[in-house]
Amino acid sequence: MTSTKRKEPLLYMEEYRVKQDPQDYGLADDVFSIEAFKEKLQITIVRNDEEGLEFDLIGVYPAIANAFRRLMLSDVPSMAIEKVYIYNNTSIIQDEVLAHRMGLLPLRADPRLFAYRTEESTEAGTEQDTLEFELKVKCSRRRDAGKDQSNFDDIYKNHKVYSGHLKWLPKGKQAQIYSESAVNCIHEDILIAQLRPGHELDLRLVAVKGIGRDHAKFSPVATATYRLLPQIKLNREVSGKDAYLLQSCFSPGVIGIDENETAYVKDARYDSCSRNVYRYPQLNDALTLARVRDHYIFSVESVGALKPDVIFLEAIKVLKKKCRAFIDEIDAE
């Protein structure tokens, strides 16, 4: 979305405090208007790939920005292992610790294709709301292992249990709808346990749909954070040794130095809220540090089941559903 140049509300980062712009009265006297909100709202995507999503959310109240963050963490669903039936565990890992580790394995299954389990659901579950896996691994000594070998991979077979050892057990018509790669663990090299000859694991795992509000294992994101856009303004020329000293006070890429050894602001976006510059008296008045009060830099890293941009869109749907339920409740009264 594009809009005309706007006056940015700033928070100034002084040495010992954060000071508000004297011409900015904050949110105290703001009267909410949907037309003004639509005019101010801007969303700019900076990066969107498999590793994560970075976008700018501009012109909104802090409560709205924080609502999106909390929704992505706690209310967008995902699939995770909920029950672990342990038929045999002769490893050194206790049953409860092993079950906890299994619950934290990230699954690739798309939660939008499954239903929530209800109180009326049977323990076994159905093909619409349950995924079932088994883990059967037994460690043994390799017959061709020599006495002088020290590498455990050469001595033992299956001495490391990985997430790739999980085997999917389709329920009903699931095998016709999904492939094993579409519902299994996202990473096959997650180490679950280490075994020695005679140790054995025999587990049955049941995965269901849930939200992070109930348990962190259901959260679809590894991180979902935001920060205010930094703004750095040079008040005077800084050159020579002072320029390099100024550059060292900030994260790499924030302050640049030209061919005349004069400092300039290269990209304030990468500033990490450092106020190290105030440690040096000769640089105290050289620049002004600020944050744009209504410009949020969001960073979303997916666990892998849903793409980061899909997680944000699902958070918007959840917020719309909550708002509609609240409005219906008010109308009913």
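Guide: Angles under 35 degrees count as roughly parallel, over 145 as roughly antiparallel, 65 to 115 as roughly perpendicular and the rest as oblique. This is a predicted model, where local features need pLDDT of at least 70 and side-chain atom pairs pLDDT 80 or more, while totals for chains, interfaces and linings use all residues. Residues are numbered from 1 along each chain as its sequence is written, and side-chain values use heavy atoms, without hydrogens and water.

Visitor: At what angle do the axes of H2 and H8 cross?

Guide: Two packed helices are described by the angle and the distance between their axes. Here the axes (lines fitted to C-alpha atoms over the stretch in contact, angles from 0 to 180 degrees between N-to-C directions) of H2 and H8 cross at roughly 105 degrees and come within 9 Å. H2 and H8 are therefore roughly perpendicular to each other. On the H2 side the contact (heavy atoms within 4.5 Å) is made by Phe 68, Leu 71 and Met 72, and on the H8 side by Ile 311, Phe 312, Ala 315, Ile 316, Val 318, Leu 319 and Lys 322.

Visitor: Which helices supply at least two residues each to the lining of the second largest pocket?

Guide: A pocket is an open set of 1 Å grid points where a 1.4 Å probe fits, with protein on both sides within 12 Å along at least five of seven lines; lining residues have an atom within 4 Å of a point. Helix H2 (62-74) and helix H8 (308-332) each supply at least two, helices being DSSP runs (H or I) of at least four residues.

Visitor: Which helix gives the most to that lining?

Guide: H8, with five residues. The lining includes Phe 312, Ile 316, Leu 319, Lys 320 and Cys 323, along with Ile 64, Ala 67 and Phe 68. Also among the lining residues are Phe 37, Leu 41, Ile 43 and Leu 57. By class, this lining has eleven nonpolar, no polar and one charged residues.

Visitor: Where is Leu 245 placed?

Guide: Leu 245 is in helix H7, residues 241-248. Leaving aside neighbours within four places in sequence, Leu 245 touches Tyr 280, Gln 282 and Leu 283. Gln 176 lies 69 residues from Leu 245 in sequence and 64 Å away in space, C-alpha to C-alpha.

Key. Nonpolar A, V, L, I, M, F, W, Y, C, P; charged D, E, K, R; others polar.
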